Amino acid sequence: MAELNVTNLTFTYEGSFDPVFTNVSFALDTDWKLGFVGRNGKGKTTFLRLLMGDYEYTGSIRTNICFDYFPYPIREEEQERTADELMEMWKPNVETWRVLCELPALALDAELLYRPLKTLSFGERTKVMLAVLFSGEGDFLLIDEPTNHLDREAREIVKRYLASKKGFILVSHDRDLLDHCTDHILVLNRSTIEVQSGNFSSWWENKQKADAFALAENEKHKKEIEKLSAAADRASRWAEKNENSKIGFDPIKEHERNISTRSYIGAKTKKMQSRVKAVEQRINREIEEKEGLLQDIEKVDDLKLMPLTFHKERLIEARDLTLRYPDSEKPVFRDLRFELNRGERIFLRGSNGCGKSSLIRAIRSRAGMDSRDSAVSLAPEQKELSPLIEGTLYVPAGMTISYIDQDTSQLSGTLREYAEKHGLNYSLLLTLLRKLDLERQQFEKNMQEFSEGQKKKVLIAASLITPAHLYIWDEPLNYIDIFSRMQIEQLIESCRPTMLIVEHDVRFTEKLATRIIEM
């Protein structure tokens with residue numbers, strides 16, 4: 001057991017005017033199972049990189065332990081090599097037998113260590129890296145979003161595995177994973193950093209109570225300030241009027257006044273002015289107590305969606321549908337049957353490679369065949385190989401589809417250029433991105449400088465401002481922060497658009513799915 005002490009940590013990226021951290025201080029125990037949460041772009045990955053010594057900073061990070069970071073980098077030329085060949089580079093002095101001991105808990109066969117990385121699925125590669133990561137002793141492990149792109153089964157395996165471990169920081173936006181695998185939460189709030197015992201749900205419950213209390217206190221202080229300000233204004237006007245009456249008077253109308261009355265009026269005015277000063281001091285104290293109350297409030301702005309209503313009830317129908325690619329004899333899947341009717345939210349569920357994205361590709365392709373304007377893709381332009389269709393896949397003509405791809409790698413240029421390219425209302429796009437907590441400083445940057453979560457928000461915002469009959473989203477929540485996920489949940493619950501979604505977030509699926517299709 002050791003401590004990690006962070007004192008007055010300040011860091012700004014070279015060439016940027018916006019500090020990521022300013023005089024941040026906190027302490028944590030390296031024996032904890034620590035969940036790390038915060039809005040996209042707040043600096044979670046940056047902090048892990050600071051711990052690894054990748055950047056220079058001011059302040060201090062004091063500890064006597066070593067860090068190791070997930071995921072391990074893999075260069076293009078290393079794709080031909082095996083994990084057994086690379087693990088010594090990933091984790092110096094690693095012992096193969098320790099890695100082999102970790103594999104059963106991750107439901108992996110030992111032979112995966114000896115296969116070229118390019119032959120491993122994304123989930124297999126993730127689990128192999130986790131086995132290497134946890135095969136040492138005494139390291140404090142920094143785990144950055146291990147479940148992105150993993151299917152439900154792989155997520156469950158990783159969840160059980162991490163729940164059995166300790167001594168790590170886990171960056172994740174998956175509420176189910178955080179609840180099962182953590183006993184402390186490190187939170188990058190809007191203006192502060194806090195460490196709290198418990199998992200995400202317990203922190204969120206406490207957070208909501210604290211926010212409600214802060215809002216109530218803020219209202220109380222506002223009313224008190226208004227009352228005191230009104231009293232101070234009345235007293236100030238009375239004192240000024242009284243002071244002006246000291247000199248000069250009409251002896252006929254004010255026969256009771258004489259020259260000696262001036263001292264009495266002056267004393268009374270001075271007393272009233274002292275009272276005004278005391279009230280102003282109370283106002284200042286109330287303002288000081290009010291300041292900072294709302295600095296960490298997580299206000300989730302309501303989003304808006306403009307779905308169109310299609311004239312037909314049935315939007316998609318698949319009967320005995322089989323998909324295969326021209327270069328493969330084996331079908332992706334066969335004999336699939338389902339219908340998507342107006343107002344439904346169907347979630348496609350299945351392991352990676354079972355054909356979810358291929359089905360979406362076939363639907364988009366079929367819609368494009370039926371009508372030139374039926375497929376509205378807001379993803380990067382990509383050369384896609386359309387699958388061959390056997391059986392029936394019905395997509396009506398004239399239906400507008402708004403699509404989010406899971407890939408953001410092609411996003412480049414400014415937001416203005418992106419809006420012009422895709423015919424989007426630029427002002428509306430920026431408004432929605434602000435509601436999704438993308439800071440104004442980002443608006444003039446090249447999107448290649450955005451974090452993965454910020455890039456995904458661009459695709460989501462673009463989809464939301466596009467009126468459509470059907471919204472097809474392929475893993476839209478990868479890298480999206482927890483608070484934005486809650487916003488999107490509220491939006492879909494209130495607007496009830498027709499949707500076909502691939503998403504592995506358990507909470508998101510449970511809350512929104514009207515039907516789940518197992519692929």
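User: Thanks! What does R39 form a salt bridge with?

Analyst: R39 pairs with D481, and their closest N and O atoms are 3.7 Å apart. A salt bridge here is a side-chain nitrogen of Lys or Arg within 4 Å of a carboxyl oxygen of Asp or Glu. Please keep in mind that this is a predicted model: local features need pLDDT of at least 70, side-chain atom pairs count only at pLDDT 80 or more, and totals for chains, interfaces and linings use all residues. Residues are numbered from 1 along each chain as its sequence is written, and side-chain values use heavy atoms, leaving out hydrogens and water.

User: Where do R39 and D481 lie?

Analyst: R39 is in the loop between β3 (33-38) and α1 (44-51), while D481 is in the loop between β16 (470-474) and α13 (482-495), so the pair ties together parts that are 442 residues apart in sequence. Helices (H or I, at least four residues) and strands (E, at least two) are DSSP runs, numbered from the N terminus.

User: Is R39 buried or exposed?

Analyst: R39 counts as buried, at 3% relative accessibility. D481 is buried as well, at 0%. Buried means under 20% relative accessible area, exposed means over 50%, and partly exposed is in between (1.4 Å probe, protein chains only).

User: How many salt bridges does the structure hold?

Analyst: There are 35 salt bridges. One of them joins D176 and K159, with the closest N and O atoms 3.0 Å apart. D176 is buried at 9% relative accessibility, and K159 is buried at 10%.

User: Which residues are linked in a network with D176 and K159?

Analyst: E156, D179 and R507 are linked with D176 and K159 in a network of salt bridges.

User: Switching topic: at what angle do α4 and α5 cross?

Analyst: The axes of α4 (residues 122-133) and α5 (residues 152-163) cross at roughly 10 degrees and come within 11 Å. Axes are lines fitted to C-alpha atoms, for helices over the stretch in contact, and angles run from 0 to 180 degrees between N-to-C directions.

User: Which residues make the contact?

Analyst: K127, L130 and A131 of α4 meet I157, V158 and Y161 of α5, where contact means heavy atoms within 4.5 Å.

User: And the whole chain, how much of it is buried?

Analyst: Buried residues make up 49% of the 519 residues, and the secondary structure comes to 14 helices and 18 strands.
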